[in-house]
Amino acid sequence: MRAAGERASLRPVRGRYRSPVRGRWRLLGRLVQAAGRGDAVSRHELLSVRGHSVAWMFPLLLLAAITMADTTTGAFEIISWTVLVPGVSAAVCGVRTTAVYAVIAVAVYVMADTVWQHRAQTGLPGLFLVALGGAIAVVAAALRVGGEQRMVHMRDIADTTRRTVLRPLPVGFGGLEHAAVYLSADTEARVGGDFYDIQPGPHGTRVLVGDVQGKGLGAVEAAAALLGTFREAAYHEPDLATVAERLEIRMRRHRAHTAALGRSDGDRFATAVLIGFSEDRSDTVEAVVFGHDPPLAVGPAGVRSVTVAGGLPLGMNDLVPGPPVPPVHRVALAADETLLLVTDGVTEARDPEGCFYRHAEEVARAVAADPSGAAPGRLVALVRDGTLRHCRGRLADDTTVFAVRRWGRPPDW
């Protein structure tokens, strides 16, 4: 099952045979599901052949079947069923096509009643029914098309917001090989509170992965505020601790601003992992953990958890005495090891029996079977597919899987 808002397409399961019959039922199920959600884009794709819509064929086939049944059988009066033709058109076709079918339905009914005359006339009541049904179908089609246009417009806005918050990362950005996937738990949303970014600069390349508490536009706003601060501080500040402190201060300022506005969703915090890759230390990285699960170091030799003493989430370090931010730790990282970071959409994914998904164990088995599975792209695909398979596609929270390792190229900023 596919979750909405997915940034990378799911690959088919290898070795599984899909029969043509099952494929047809799956296509019908996807069409019904798209119609139920009002997903106009998915519905139009399913009803297109080589980029051309074939939706007009369904009401035409229905009209032909009704006409043939009425003229060839005398069991019962069926010509009045032409009222269904514009109704079907209203569900899958445009306003003009629906209007054409409404006129055709009336014309066919009149011909059957006055020209063919193979049985007693049905009279004005049937004609009135077909004409009224056609008019209602045209109005319904106009309302449906207008709603779809608004939905597509909102989808474009959501995509623009997503590209602003989660900007596309070039291949080899900052001398790092990276891969990421974002899945939204909201079937209608395309961006949420999870965030990640890479920022190269004169003091090395910094990586930030995190999750804002809560959902909705407030979480997106907080994530955008943190990413904006990260992109500036990670470039200019030579010390990773200063970058971490700037992020903490920004989260507190954001909370104060939303509280001053009187918003009920302003009391937010964010868990995050901040990592620094330095040019002159190729065998280590610096890491700061803000209440987040520590990353996994995945390599041909196996999988290990990066032991880092974490602190409180961003925006909460003023609640306890001590340093304003967690300490910076230097962690050994081999050249062939990949750092794998996930948000709680992965760690809190449950199967129908309530068991949590253990992504570290699945990654360890995969890498043991094939050491090349430690590549960022393969790791992200493995965890993504495993999470969706474990929870049957029903994500309880926004989900981000991010993997990164050195590529052996100098940073390009």
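Two strands are said to pair if DSSP finds at least two bridges between them. The exercises below concern a predicted model.

**Exercise 1.** Determine which residue of E10 is the bridge partner of Ala287, and state how E7 and E10 pair.

*Solution.*
Step 1. Strand E7 covers residues 281-290.
Step 2. The bridge partner of Ala287 in E10 is His329.
Step 3. E7 and E10 are joined by 4 bridges, and their pairing is antiparallel.

**Exercise 2.** Describe the sheet that contains these strands, and identify its edge strands.

*Solution.*
Step 1. The order E4-E5-E6-E7-E10 describes an open sheet of 5 strands with antiparallel pairing.
Step 2. Strand E4 (194-201) and strand E10 (329-332) each pair on one side only, and they are the edge strands.
Step 3. On average, neighbouring strands of the sheet are turned by 20° against each other, direction ignored.

**Exercise 3.** Classify Trp56 as buried, partly exposed or exposed, and name the surface patch to which Trp56 belongs.

*Solution.*
Step 1. Trp56 is located in the loop between strand E2 (52-53) and helix H3 (57-72).
Step 2. Its relative accessible area is 42%, so Trp56 is partly exposed; buried means under 20% and exposed over 50%.
Step 3. Together with Met57, Leu60 and Leu61, Trp56 forms a nonpolar surface patch with about 380 Å² of accessible area.

**Exercise 4.** State the helix content of residues 88-112 and of residues 124-145.

*Solution.*
Step 1. An unreviewed UniProt entry gives the feature "transmembrane region" at several ranges, including 88-112 and 124-145.
Step 2. Residues 88-112 are 92% helix and 0% strand, with end C-alpha atoms 21 Å apart.
Step 3. Residues 124-145 are 100% helix and 0% strand, with end C-alpha atoms 31 Å apart.

Definitions and conventions. Residues numbered from 1 in each chain as written. Predicted model: local features only at pLDDT ≥ 70, side-chain atom pairs only at ≥ 80, totals over all residues. Heavy atoms only, no water. Patch = residues over 30% accessible without salt bridge, like charges linked within 9 Å, V, L, I, M, F, W, Y side chains within 5 Å. Areas by Shrake-Rupley, 256 points an atom, 1.4 Å probe, with all protein chains shown as cover. Salt bridge = Lys/Arg side-chain N within 4 Å of Asp/Glu carboxyl O. Helix = DSSP H or I, 4+ residues; strand = E, 2+ residues; numbered from the N terminus. Buried < 20%, exposed > 50% of the residue type's maximum accessible area, 1.4 Å probe, protein only. UniProt positions renumbered as here; feature names shortened; annotations may be inferred. Axes fitted to C-alpha atoms, helices over the stretch in contact; angles between N-to-C directions.
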